[in-house]
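Please read the points beside the sequence and the coordinates shown here.

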Amino acid sequence: MIERYTRQSMGRLWDTEYRFSCLMRVEVAVAKAQGELNLIPKEAAAAIIKKAKFNTKEILDIEKTTKHDVIAFVTNVASNVGEFGPYVHYGLTSSDVLDTALSLQIHDASLELIETLETLEKSLTSLASEHADTVCVGRTHGIHAEPTTFGLKVAGFVAELQRNIWRFKLASDQICRVKLSGAVGTYSTMGMALEAKVAADLKLPVEDVATQVIPRDRHAELIWSLSMLAAGFERFAVEIRHLQRTEVDEVEEGFQKGQKGSSAMPHKKNPIASENISGLSRLVRGYLISAMEDIALWHERDISHSSVERIIFPDSFILVDYMAHRLTQVTELLVVKEDKMLSNLELTGGKVFSSHVLLALIKKGMKRESAYKKIQSISHSIKPGGSMKKELLKSPDIKKLISEKEMEDIFSGRKHQAEIKKIINRVL
């Protein structure tokens, strides 16, 4: 991923140096277990544990000749071990180390990402709580529907984020596996006892049934969970973008001193962070197709998945981490225009309470179809600046069934507020 969208704390976990360090952790853990099981001389295990090290530049130079990164890595490590170098990678196939090392990388990156996601959750929770009573209009199809509160809007995004964090944790747990079962998964060179020891050392579970690789449905599930996080971020970002439109003007991304909105139009304040999140979300979701395509490998495996995963795993983790961090900043600096929310709510002169008038008339004995037609006719005839409540009370049929006090209560929206608070409290 380009530097522009890479936070150092996450990016370092996916650079070449860190990848080789994870390969080293696997090789050392294997040598240690092999020594304890007398599969290699104890002196060899001790030497590997003490002397094993690697040099990234040297590995890359060796790979120019070998055309095989794991062989280049093993060659470099073995050269530093000395006489016991031949025991580095003893009895293993490349994917034993690669897949187990990728599990370590994903495990470490997952912990980092969860911390970023939990910070976002706290920020959204605070925003929802702060605006639990901030009344605004709810929209369906982009058209005014019924009153809601901005706090309830945000609470929905909090609940979605909580679900997506749960999905991500579950998928991360599913993919982080140790696999040391050899060339076609039959333990033909190293037995299950070695794998179990290494798994205990690395604090990861063992893969149930492997071919030469860990089955890629696990990997696809993880990319799916990252895609869900990205989609959730975009849903909130799109809401902000719509609410910041000049004609709506209910919220506004924070605008810092010295910031410019347009090279041509000095007046502009654009929701650039939210638009950025929308764009990056498309990229992450696109990687899901590649991850799904990686599931069907030839027989016990081919390496068509390898090139794909070198891109989609670093990119997906780095992007979701970046998006979560940027969305946290948006949330913390968001300008919420309560007065504009209220004035927008009043634009239709009370039409947003039409469904409650409908229910009240039905409850008083009017047939539903008759009540619906009457309310619809009145609401469609109201001119800008008119009052739905006043026009309803002009109708003898309606005034006979609903008193002015009852109508006032319907149009106050107090019942909405009480239920909304209950929903927010349920989530937060």
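Of the 103 residues in the largest nonpolar core, Trp-14, Phe-150, Phe-233 and Phe-317 touch the most other members; a nonpolar core is a set of buried Ala, Val, Leu, Ile, Met, Phe, Trp, Tyr and Cys residues joined through side-chain atoms within 4.5 Å. The model is a predicted one, in which local features need pLDDT of at least 70 and side-chain atom pairs count only at pLDDT 80 or more, whereas totals for chains, interfaces and linings use all residues. Residues are numbered from 1 along each chain as its sequence is written, and side-chain values use heavy atoms, with hydrogens and water left out.

- A second, separate core of 21 residues includes Leu-358, Met-366, Leu-392 and Ile-410.
- Phe-317 counts as buried at 0% relative accessibility, where buried means under 20% relative accessible area, exposed over 50% and partly exposed in between (1.4 Å probe, protein chains only).
- Leaving aside neighbours within four places in sequence, Phe-317 is in contact (heavy atoms within 4.5 Å) with Met-10, Trp-14, Ile-106, Ala-109, Ser-110, Leu-113, Phe-168, Leu-222 and Leu-226.

**Aromatic pairs**

- The structure holds 9 aromatic pairs, counted when rings of Phe, Tyr and Trp (its six-membered ring) have centres within 6.5 Å, with planes under 30 degrees apart taken as stacked, over 60 as edge-to-face and the rest as tilted.
- One of these pairs joins Trp-14 and Phe-317, and it is tilted, at 5.3 Å centre to centre and 35° between the planes.
- Trp-14 lies in the loop between α1 (8–11) and α2 (16–36) and Phe-317 in helix α11 (residues 304–333), so their pair ties together parts that are 303 residues apart in sequence.
- Trp-14 is buried, with a relative accessible area of 11%.
- The rings of Phe-54 and Phe-73 have centres 6.1 Å apart and planes at 50°, so this pair is tilted.
- Distant parts of the chain are linked by that pair, since Phe-54 sits in the loop between α3 (42–51) and α4 (56–66) and Phe-73 in helix α5 (residues 69–81), 19 residues apart.
- Phe-73 is buried, with a relative accessible area of 1%.
- Ring pairs also link Trp-14, Phe-168 and Phe-317 into a cluster.

**Packing around helix α13**

- The axes of helix α13 (residues 354–363) and helix α17 (residues 404–412) come within 9 Å and cross at roughly 140°; axes are lines fitted to C-alpha atoms, for helices over the stretch in contact, and angles run from 0 to 180 degrees between N-to-C directions.
- In this contact, His-356, Val-357 and Ala-360 of α13 meet Met-407, Ile-410 and Phe-411 of α17.
- Helices α13 and α14 (residues 368–381) pack at an angle of about 145°, with their axes 9 Å apart.
- Here Ser-354, Val-357, Leu-358, Leu-361 and Ile-362 in α13 meet Arg-368, Ala-371, Tyr-372 and Ile-375 in α14.

**A buried loop residue**

- Ser-181, found in the loop between α7 (150–175) and α8 (192–202), is buried, with a relative accessible area of 2%.
- Apart from neighbours within four places in sequence, Ser-181 is in contact with Asp-96, Thr-186, Tyr-187, Ser-188, Glu-195, Ala-210 and Thr-211.

Methods
Helices (H or I, at least four residues) and strands (E, at least two) are DSSP runs, numbered from the N terminus.
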